[in-house]
Amino acid sequence: MSSTPVSSEPVSSTPVSPAPTPGTGTDPRPAGRLATALSGRAPARPPLTVIAVATVAGTASLLLLVLLGRALDAVVLIPPLAASAALVFAAPALPLAQPRNVIGGQLVSAVVGLLVTGATGSSSMWAAATAGGLAIGAMALARTPHSPAAATAVLVVLTQPPVVSFLSLLLLATLVLVGVGVLTGRRAGGTRYPAYWW
């Protein structure tokens with residue numbers, strides 16, 4: 001007569017929750033599913049030092065544009081430049097944040113806005129929307145895509161600024177943003193900026 005070996009380990013009456021299914025990123029437990037849903041698929045938060053450096057550098061660059069505007073008695077800080085600063089300082093590795101894209105994209109889009117204004121003689125929302133859309137294509141053709149710059153084309157049509165002074169101030173402002181980005185250099189635990197110049 002054969003005897004069945006008996007385990008000496010204690011038997012637990014607590015049910016064991018199943019482990020997450022490999023490769024699916026899902027957890028069958030309700031609390032696990034909630035945590036997964038809340039965390040989303042976004043990249044991990046950068047280290048606090050990287051966030052702090054990006055915040056300080058971005059704020060300093062925009063304040064510098066305000067100071068330049070006061071010194072030149074002109075508006076240098078326009079809303080699309082704040083979005084450009086967000087790319088340069090918070091996402092320095094992206095192609096959209098590189099100097100070619102920041103400077104070139106803003107200038108290409110401004111020229112598109114000026115051309116649409118000249119062709120239509122209008123500052124209507126229709127003309128502004130057209131300029132914003134055409135700027136997307138123009139930046140792609142010039143290999144200088146920079147999403148905030150499409151808003152610059154819209155702004156140019158709506159405000160119809162003086163051509164030479166606007167383009168000069170825009171060039172100055174983009175150089176300041178890129179310059180502060182370069183001076184920031186390798187952030188603590190961050191990415192060197194720029195990844196490339198041209």
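1. Of the protein's 198 residues, 34% count as buried (under 20% relative accessible area with a 1.4 Å probe, protein chains only; exposed is over 50%, partly exposed in between). This is a predicted model, where local features need pLDDT of at least 70, side-chain atom pairs count only at pLDDT 80 or more, and totals for chains, interfaces and linings use all residues. Residues are numbered from 1 along each chain as its sequence is written, and side-chain values use heavy atoms, with hydrogens and water left out.

2. Contacts are heavy atoms within 4.5 Å. Take those between residues at least 6 apart in sequence: 70% join residues at least 24 apart.

3. Helix α2 covers residues 48-72. Its 25 residues should span 36 Å at 1.5 Å a residue, and the end C-alpha atoms are 36 Å apart, so the two agree (the expected span is 1.5 Å times one less than the number of residues). D73 follows α2, with a positive phi near 55°.

4. Which residues of α2 are buried? They are V50, A54, A57, G58, S61, L65 and G69. These pack against α3 (79-90) and α7 (163-184).

5. Q106 sits in helix α4 (residues 99-120). It counts as buried because its relative accessibility is 0%. The Q106 side chain makes a polar contact with the S84 side chain at 2.9 Å (a pair of N or O atoms within 3.5 Å; within protein, one must be able to donate a hydrogen and the other to accept it, and residues adjacent in sequence count only if both atoms are side-chain atoms). Leaving out residues up to four places away in sequence, Q106 touches residues including P80, L81, H146 and L170.

Definitions and conventions: Helix = DSSP H or I, 4+ residues; strand = E, 2+ residues; numbered from the N terminus.
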